[in-house]
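Hi everyone, thanks for making the time. Have the model open on your screens, and let's walk through it together.

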Amino acid sequence: VQAREPGRLPVIDAESARARPGAQMFANRLAKNLDRIAAWARREKVSCFRVYDADMPEYAFAIDLYQSDPAGSAGRWLYVQEYAPPATVDKERARARREEAISVLPEVTGLPPEAIYWRTRRPQKGRAQYEAIAEVGERVVVDEGGLKLLVNFTDYLDTGLFLDHRKTRARIGKLAGGKRFLNLFCYTASFSVYAAAGGAESTTSVDLSATYLDWAARNFALNAIAGVRRFEQRDHTIEEIVASTTRSGGGVHRLVRADVMSFLRSHPKGEFYDLAVIDPP
């Protein structure tokens with residue numbers, strides 16, 4: 001019996017799994033996807049992107065490539081999520097397909113096993129998907145749109161950066177100039193970082209998790225964005241928090257630890273935002 005580190009690949013007999021026909025079928029599809037999508041990513045200077053998403057239904061995985069920059073010059077990582085098979089699927093057959101996929105990942109992607117991370121996705125309720133699974137605390141810096149953002153492959157089900165929001169983040173950056181921006185259920189506040197970098201007059205990011213607000217503060221710091229202030233609703237009224245910046249002052253980026261519904265109910269009348277992102281779990 002060999003214990004597996006959180007987020008790391010399951011231990012398998014890779015040589016035996018690679019010899020099975022299914023492993024080669026999966027490898028061919030993944031290699032084809034990688035060639036096509038990586039060429040597009042280089043042209044568009046996109047660093048982090050999905051290369052496979054259950055293209056072959058029997059191999060039910062989502063595979064994302066994360067890079068430190070569009071060329072991956074300082075680091076490349078693979079984040080693999082297995083969609084948990086339903087009860088109708090034979091467990092041994094599911095295990096065999098899992099092993100076949102794992103056995104070819106290093107060869108196809110050119111990444112060593114220590115740069116490949118693994119998670120199993122199951123249906124979640126409430127905030128379960130945001131709760132810590134481990135406490136390794138290992139974060140890496142990736143590039144998106146010229147901004148630096150922290151991701152974590154070991155401690156949570158999600159990495160801290162939703163890749164499918166890339167275009168929306170870019171749109172927020174373009175729209176935010178001179179505006180007061182509100183980000184509810186802000187998670188790691190990547191939308192707010194984009195807004196601040198795009199010239200927002202102020203940003204207000206609200207989440208109930210102190211851990212994610214700490215993460216958000218580090219994302220701001222990574223991009224040398226000044227004027228970041230932290231608030232706890234238990235220590236300040238919403239009126240005091242909102243009053244910490246005005247249109248004449250500006251330049252303040254507020255990270256507010258509060259229940260979003262409580263924040264909205266307590267928000268002073270007559271104080272408005274020009275642009276908002278509302279992305280509840």
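**Helices, sheet and a salt bridge**

Let's start with the helices: H2 crosses H3 in a right-handed way, meaning that the near helix is turned clockwise from the far one by less than a right angle. Helices here are DSSP runs of H or I with at least four residues, strands are E runs of at least two, and both are numbered from the N terminus. The residues making this contact (heavy atoms within 4.5 Å) are Gly22, Ala23, Phe26, Ala27, Leu30, Ala31 and Leu34 from H2, with Glu100, Ala101, Ser103, Val104, Leu105, Val108 and Thr109 from H3. They divide into 10 nonpolar, 3 polar and 1 charged, where Ala, Val, Leu, Ile, Met, Phe, Trp, Tyr, Cys and Pro count as nonpolar, Asp, Glu, Lys and Arg as charged, and the others, Gly among them, as polar.

Before I go on, a word on where this comes from. This is a predicted model, where local features need pLDDT of at least 70 and side-chain atom pairs count only at pLDDT 80 or more, while totals for chains, interfaces and linings use all residues. Residues are numbered from 1 along each chain as its sequence is written, and side-chain values use heavy atoms, with hydrogens and water left out.

Back to our helices: the axes of H2 and H3 come within 9 Å and cross at roughly 40 degrees. Axes are lines fitted to C-alpha atoms, for helices over the stretch in contact, and angles run from 0 to 180 degrees between N-to-C directions.

Now, the sheet. How many strands form it, and in what order? There are 4, in an open sheet ordered S1-S2-S3-S4, with mixed pairing; two strands pair if DSSP finds at least two bridges between them. S1 (49-53) and S4 (116-121) are the edge strands, each with a single partner, so one side of each has no neighbour in the sheet. From one strand to the next, the twist averages 20 degrees.

S1 and S2 (residues 61-67) run antiparallel and are joined by 4 bridges. H2 (residues 21-44) lies across S1 and S2, at about 155 degrees to S1. H3 (residues 91-109) lies across S2, S3 (76-83) and S4, at about 150 degrees to S4.

Last stop: arginine 98 forms a salt bridge with glutamate 82, with the closest N and O atoms 2.8 Å apart. The rule is a side-chain nitrogen of Lys or Arg within 4 Å of a carboxyl oxygen of Asp or Glu. Arginine 98 is in H3 and glutamate 82 in S3, so this pair ties together parts 16 residues apart in sequence.
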